[in-house]
Amino acid sequence: PDGTAKLDVMERRKIVEGMVKSAGPEGFKEGANAHTSTISFVEEAAVCFVFFWMMGGPFIVLFLLLYTAIFSPITHLLALIALVAFLSTHPLPDCGAAIAKSWFAQATYKYFSYRFVWSDDAVDQIESLPLYIGAGAPHGVMPFSNILSISAINSYGYHKVSPTNGHAQKQAEGGGSLYEGRKFRGAGGAALFRA
C-alpha cells in the first residue's frame, strides 16, 4: 500500500505479514500470484518516462556526440565530451534510503507488479543472519527485477538485531523493534568473484 515504506519498521512488518500468501507442498495454483496492482496514469507515466531515459539516454548521448562531431565546431565536441566524462565519473549521492521510501519507488513496484517469492523457511533464515549475499536471476538488457530488489529489500527485508547490540537493548526495553531494515547495495558479478 502507498506510504508503507515511510512507516516504522514494525508497522511495515505487520503490513507485509498481513499480505503474505502461503501454499502447501503442491505450490500455488496457476495464476494465484498473477494479479496486477492498481496504478494511476501519473504513476505509470512517471515510470515510463524515467525508464525511457534510463534505457534511451546512452543512445541519445551517443547520437548527440556523433552529430556534434560531424556538424559542429571542435570546441562544441570537446565541451560535450568533457561534460559526458564529468557526469560519468561524478560520484552519486548516497540517497538509497530516500529513494526506497519515495513515491516513485512505490509506483515502480506497482508498474511491474513486483513481489517477493520464497520457499520453506528462507525468510526466517535470512532474518537471523546479520549479513548475506543474495544473487539475482539472469536477466536481459536491463535488470529491472534486480534494480527493484535493492529498494524493496531495504524497505521490506529485515534482520533481527543482536540483543547484545546496545541500540537493540534500548529499543527492546522501550517496547521497540528488535528488527531493522537491510542496507543492501547492488554489486556486479565481478565483485562477488573477488569476495
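Modeller: Helix α2 covers residues 41-71 and spans only 40 Å between its end C-alpha atoms, whereas a straight helix of 31 residues would span 45 Å at 1.5 Å a residue. The expected span is 1.5 Å times one less than the number of residues, and helices are DSSP runs (H or I, at least four residues) numbered from the N terminus. The model is predicted: local features need pLDDT of at least 70 and side-chain atom pairs pLDDT 80 or more, while totals for chains, interfaces and linings use all residues. Residues are numbered from 1 along each chain as its sequence is written, and side-chain values use heavy atoms, without hydrogens and water.

Within α2, a kink of about 50° lies at Gly56, shortly before the proline Pro58. The bend at a residue is the angle between axes fitted to the seven residues ending there and the seven starting there.

Gly56 is also one of the buried residues of α2, along with Glu43, Ala46, Val47, Phe51, Gly57 and Thr68. Here buried means under 20% relative accessible area, exposed over 50%, and partly exposed in between, with a 1.4 Å probe and protein chains only. The cover over these buried residues includes α3 (74-89), α5 (103-112) and α7 (144-156).

Consider α3 to begin with. Its axis and that of α2 come within 9 Å and cross at roughly 160°, so the two helices are roughly antiparallel. Axes are lines fitted to C-alpha atoms, for helices over the stretch in contact, and angles run from 0 to 180 degrees between N-to-C directions; under 35 degrees counts as roughly parallel, over 145 as roughly antiparallel, 65 to 115 as roughly perpendicular and the rest as oblique. Val61, Leu64, Leu65, Thr68 and Ala69 of α2 make the contact with His76, Leu77, Leu80, Ile81 and Val84 of α3, contact meaning heavy atoms within 4.5 Å. Thr68 is buried, with a relative accessible area of 7%, and touches His76, Leu77 and Leu80, not counting residues up to four places away in sequence.

Turning to α5, Thr108 lies in this helix and is buried at 3% relative accessibility. With residues up to four places away in sequence left out, Thr108 touches Val47, Phe51 and Leu148; Val47 and Phe51 are among the buried residues of α2. Leu148 belongs to α7, where Phe144, Leu148, Ser151, Ala152 and Tyr156 meet Gln106, Thr108, Tyr109 and Phe112 of α5. The axes of α5 and α7 come within 11 Å and cross at roughly 125°, and these helices are therefore oblique to each other.
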